[in-house]
Structure formats: C-alpha cells, structure tokens
Amino acid sequence: MPKAVAEGILSRTLRRFDEQRAPDGTPWPPLSPATLLGELRAKDRLKGGGYSKRALERVAKRKALIMTGRLKNSIGWKVVGSRIYVGTNVVYARIHQFGGYAGRGRKVRIPARPYLGISQEDLREAEEVLREWLRRRTR
C-alpha cells in the first residue's frame, strides 16, 4: 500500500515540472529576463542586430527548473516502515525548493519554486488507496 501512495506522489511531483506549479497549485515565478537572455547564444544573433525568430521561440518556451532535466529525473521515493520519503540528492535542489541567494558573492536571488510536497490530490489518492486496502482486509 505505501508503494502505491509513493508512486502517486512521485507521479504528481513530476507533473508539477510540466505544469510549473507548487503542490498547493500556485504557479511558479517566471524566469527572470536575465536568465532568458543567458539562454541566447552567439550563433542566435542576426547580422543586423537582434536574434533569430527560432532562438526567441526557443527561449519563450523555456520552463523553470528544466534545463537539462537532471533535477526532475533525480526525484525518487522510498518507503521505510510506515513512512514515505520522496526527494532528490541533487545538491542544488534545495535552493530551487526554498529559494535564496546564489552565485558569486550570493548576489543572485533565486525565487522559491516548490516542487516537493503533498498536494490535496495526493491526500485524496492516499485516502482512497487506504480505503481500498481496508475494504479488502475486512472481507
């Protein structure tokens, strides 16, 4: 039973990366203009100035916390006794979850973009899994 609950929580956690939303449903802050500008490469520049349409479209589609997919792909779960743990061992995961200052001299403020946590949907599914388990046990 805990494995089914953990799988559901993991599934919804991964979906948050696509939806760009926190467990409580609030949208993540958008990427800063400086971050988006950093995504443009020298080869994206046009000779007359500006950037190619293709480059601008690529940057416009850029989602927060998904540059290489490492953070998203590192999230896993384990069950220890009656507890379920969902998380990651990626070093930079904490600053994205809680926000804070980073970079040289800690001058860059990174807003919190919570991706780990229990949503109302997680709670509803866990209750349903538990109810089903109890139904089977009382037959």
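Both Arg62 and Glu39 are buried. In this predicted model, the side chains of these two residues form a salt bridge, with N and O 3.1 Å apart. The pair joins distant parts of the chain, for Arg62 and Glu39 are 23 residues apart. Arg62 lies in the loop between α3 (53-60) and α4 (70-74), whereas Glu39 belongs to helix α2 (residues 33-39).

The Arg62 and Glu39 contact is one of 14 salt bridges in the structure. Side chains of opposite charge can pair when their charged atoms come close. Three of these contacts are listed below.

| Salt bridge | N to O distance |
|---|---|
| Arg62 and Glu39 | 3.1 Å |
| Glu128 and Arg131 | 3.5 Å |
| Arg136 and Glu132 | 3.7 Å |

Two of the listed pairs are found in helix α6. Glu128 and Arg131 stand 3 residues apart in this helix (residues 120-137), a separation of about one helical turn. Glu128 is partly exposed, its relative accessible area being 38%, and Arg131 is likewise partly exposed, at 42% relative accessibility.

Arg136 and Glu132 are 4 residues apart in helix α6, which again amounts to about one helical turn. Glu132 has a relative accessibility of 28% and therefore counts as partly exposed.

These residues also take part in a wider arrangement. A network of salt bridges links Glu127, Glu128, Arg131, Glu132, Arg135 and Arg136.

Conventions
Residues are numbered from 1 along each chain as its sequence is written. This is a predicted model: local features need pLDDT of at least 70, side-chain atom pairs count only at pLDDT 80 or more; totals for chains, interfaces and linings use all residues. Side-chain values use heavy atoms; hydrogens and water are left out. A salt bridge is a side-chain nitrogen of Lys or Arg within 4 Å of a carboxyl oxygen of Asp or Glu. Buried means under 20% relative accessible area, exposed over 50%, partly exposed in between (1.4 Å probe, protein chains only).
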